[in-house]
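Could you walk me through a pair of packed helices in this structure? I have it open in my viewer and would like to know what to select next.

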Amino acid sequence: MNRIAPILAAALMVAGCATGGGLGMAASHLDSSAHRFYEEVYYGRGTGHAADDAAMLAEAATDFSQAVDRGRSREELQPSFDRVADRYHHLRRQVESRDTRYSDSALAFERVTDAYLDVDRAMNHPDSRYHE
Ligand SMILES: [Zn+2]
């Protein structure tokens, strides 16, 4: 009858795990959404400045996600997160200025934004579920 309890217990274990449930999850969402965005830009436009920028963000998101998986401290993660943030904001300025190179991939970029904001919260707020 009580089938929910084990699921809750598992969820609590994930949240309390050493690599950080909140940040780990957000970093992996950022990694996958950034790659999805890159694919949309690339298949829509082919190579060029837009695809290069999207590829740089995807690469930085992968590096960051791997650093989180390795259990790095916030201080150690900061330079890697700064790189993600730079590339994210560089793209965001172009997407927001309605640059036509990104018009087909605006929805994919919204998912990147959601994941980016989750990572930002987990990195910068001490009450987040990230444990060092
Ligand atoms: Zn650029």
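Start by selecting the contact between helices H4 and H5 in this predicted model. On the H4 side, show Arg 74, Leu 77, Gln 78, Phe 81, Val 84, Ala 85, Tyr 88, His 89, Leu 91, Arg 92 and Val 95. Their partners in H5 are Phe 109, Val 112, Thr 113, Tyr 116, Val 119, Asp 120, Ala 122, Met 123 and Asn 124. Colour this contact by residue type and you will find 13 nonpolar, four polar and three charged residues.

Next, switch to a cartoon view and select residues 74-96 for H4 and residues 106-124 for H5. The two axes come within 11 Å and cross at roughly 150°. An angle over 145° counts as roughly antiparallel, so that is how H4 and H5 run relative to each other. The crossing of H4 past H5 is left-handed.

Now stay with H4 and centre on Ser 80, where the helix bends by about 30°. Ser 80 is also buried. Other buried residues of H4 include Leu 77, Phe 81, Val 84, Ala 85, Tyr 88, Leu 91 and Val 95. Arg 74, Arg 87 and Gln 94 are buried as well.

For the last stop, follow the chain out of H4 to Arg 98, which sits in the loop between H4 and H5.

Methods. Residues numbered from 1 in each chain as written. Predicted model: local features only at pLDDT ≥ 70, side-chain atom pairs only at ≥ 80, totals over all residues. Heavy atoms only, no water. Axes fitted to C-alpha atoms, helices over the stretch in contact; angles between N-to-C directions. Helix = DSSP H or I, 4+ residues; strand = E, 2+ residues; numbered from the N terminus. Parallel < 35°, antiparallel > 145°, perpendicular 65-115°, else oblique. Left-handed = near helix turned anticlockwise from the far one by under 90°. Contact = heavy atoms within 4.5 Å. Nonpolar A, V, L, I, M, F, W, Y, C, P; charged D, E, K, R; others polar. Bend = angle between axes of the 7 residues up to and from the residue. Buried < 20%, exposed > 50% of the residue type's maximum accessible area, 1.4 Å probe, protein only.
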